[in-house]
Amino acid sequence: MTIHHARPDALDRAGGLAEGAEIFDLRALRPEFLNGAEDCRVAVLTPHNDLGLSPALRMAIARRVALTADNEKLLAEYPVPEDEALACLSRREMPEDGRLAAIAAHADMIAANPGASTRESLDALLEAGLNVPQVIALSELLAFACFQIRVAHGLSLLEETA
């Protein structure tokens, strides 16, 4: 299998891996993981059908979750949006818009404690105006953002010891 994405990729950058470094090169030994992670990133942030959750909104949500990681390299992957409501969302402020506020509250809960999600927390998203496909897409995005935080942290620890 070959790597079909440019390197360094988002995880290389977030993990602080330099081209040619040992951990950077070791990642290339598992192209299915490199491709899978990058394919997933693209799919959750800029899908062909965004289901009414724009790429700008998705990036703002991912940035909000990434703020919990205290990783400036990871945050660089998600610039603050120009749109003020989305910028508010991305800065971990509570948006005035009810739909965005529900998304923010859900994202904060998942980032802090994914196991705390309940049927009621999903119903709150539906009551705020999201539909079921949007809730699923949001869940996929949040899962990826949390995955990215953990992998970036692990890669940075490996890089420190290499």
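Which residue lies over the face of F24? R7 does, at 3.7 Å from the ring centre. The model described here is predicted.

The peptide bond from R7 to P8 is cis, with omega near 0 degrees. P8 sits in the segment before α1, which covers residues 10-14.

R27 belongs to helix α2, residues 22-27. This arginine counts as buried because its relative accessibility is 13%, and the cut-off for buried is under 20%.

## The largest nonpolar core

The largest nonpolar core has 34 residues. Within this core, L57, I61, V65, L89 and I103 touch the most other members. Elements giving two or more residues to it are α3 (31-45), α4 (55-66), α5 (72-75), α6 (84-90), α7 (98-112) and α9. Helix α9 supplies the largest share, 10 residues.

A second, separate core has 7 residues. Among them are L11, L17, A21 and I23.

V65 is one of the residues that touch the most other members of the largest core. Leaving out neighbours within four places in sequence, V65 is in contact with A107, A111, L142, A145, C146 and I149.

R64 is buried, because its relative accessible area is 1% and buried means under 20%. Setting aside residues up to four places away in sequence, this arginine touches C88, L89, S90, R92, E93, M94, A104, A107 and D108.

## Helix α7

How far apart are the end C-alpha atoms of α7? They are 21 Å apart. That agrees with expectation, because 15 residues at 1.5 Å a residue should span 21 Å. D97 caps the N-terminal end of this helix. A side-chain oxygen of D97 lies 3.1 Å from the backbone nitrogen of R99.

The buried residues of α7 are L100, A101, A102, I103, A104, H106, A107, D108, I110 and A111. Their cover includes α4, α6, α8 (119-127) and α9. I103 is also listed with the core residues that touch the most other members.

## Helix α9

Helix α9 runs over residues 132-161 and has 30 residues. From its first C-alpha to its last it reaches 44 Å. This is close to the 44 Å expected at 1.5 Å a residue. N131 caps the N-terminal end, with a side-chain oxygen 2.9 Å from the backbone nitrogen of Q134.

The structure holds 1 aromatic pair. F144 and F147 form this pair, and it is tilted. The ring centres are 5.9 Å apart, with 45 degrees between the planes. Both residues lie in α9, 3 residues apart, which is about one turn of the helix. F144 is buried, with a relative accessible area of 4%. F147 is partly exposed, at 38%.

## Loops and backbone angles

L51 is found in the loop between α3 and α4. L51 has a positive phi of about 60 degrees, although it is not a glycine. With 35% relative accessibility, L51 counts as partly exposed.

T46 is found in the loop between α3 and α4. T46 is partly exposed, with a relative accessible area of 43%. The C-alpha atoms of T46 and P114 are separated by 23 Å. Along the chain, these two residues are 68 residues apart.

D70 also has a positive phi, near 55 degrees, in a residue other than glycine. Its place is in the loop between α4 and α5. D70 counts as exposed because its relative accessibility is 71%, and exposed means over 50%.

How values were computed:
Residues numbered from 1 in each chain as written. Predicted model: local features only at pLDDT ≥ 70, side-chain atom pairs only at ≥ 80, totals over all residues. Heavy atoms only, no water. Helix = DSSP H or I, 4+ residues; strand = E, 2+ residues; numbered from the N terminus. Expected span 1.5 Å × (residues − 1). Polar contact = N/O pair within 3.5 Å; in protein donor to acceptor, adjacent residues only side chain to side chain. Buried < 20%, exposed > 50% of the residue type's maximum accessible area, 1.4 Å probe, protein only. Phe/Tyr/Trp six-rings, centres within 6.5 Å; stacked < 30°, edge-to-face > 60°. Lys NZ or Arg CZ within 6 Å of the ring centre and 35° of its normal. Core = buried A, V, L, I, M, F, W, Y, C linked by side-chain atoms within 4.5 Å. Contact = heavy atoms within 4.5 Å.
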